[in-house]
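My notes follow in the order of the look-ups.

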Amino acid sequence: DPRGPNFDLFLINIDGTGGEQVTFYDGFDGFPMFSPDGRKLVFASNRNQAKTGDTNVFMADWRP
């Protein structure tokens, strides 16, 4: 792909079942982490980049 690779975030059960896509972006979303209390999802992304190659950190409320 000339635009670069497409990485999205998915949740799966520990046994590999129940895959669910969490992010939908035609670029890079990666390095996800949950807050210790499980209420926030933090990840890196190049969405909203000021210039090519910029990576930003995003935080989202999470309610499983």
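How many bridges join strand S4 to S5, and do they run parallel or antiparallel? I note first that this is a predicted model. I looked up S4, residues 40-45, and found six bridges to S5, with the two strands running antiparallel.

I then followed the connection: S3 and S4 make a hairpin with five residues between them. In the turn I found Gly-38 with a positive phi of about 75°.

I put the strands together as a sheet. The order is S3-S4-S5, the sheet is open, and the pairing is antiparallel. S3 and S5 (56-61) are the edge strands with a single partner strand each, so one side of each has no neighbour in the sheet.

Last entry: Thr-23. I located Thr-23 in the loop between strand S2 (20-21) and strand S3 (29-34). Is Thr-23 buried or exposed? Its relative accessible area is 6%, so I list Thr-23 as buried, the cut-off being under 20%. Leaving out residues up to four places away in sequence, I list Asp-8, Leu-9, Asp-29, Phe-43 and Arg-47 as touching Thr-23. With Asp-29 there is a polar contact of 3.1 Å between the side chains.

Definitions and conventions
Residues numbered from 1 in each chain as written. Predicted model: local features only at pLDDT ≥ 70, side-chain atom pairs only at ≥ 80, totals over all residues. Heavy atoms only, no water. Helix = DSSP H or I, 4+ residues; strand = E, 2+ residues; numbered from the N terminus. Buried < 20%, exposed > 50% of the residue type's maximum accessible area, 1.4 Å probe, protein only. Polar contact = N/O pair within 3.5 Å; in protein donor to acceptor, adjacent residues only side chain to side chain. Contact = heavy atoms within 4.5 Å. Pairing = 2+ DSSP bridges.
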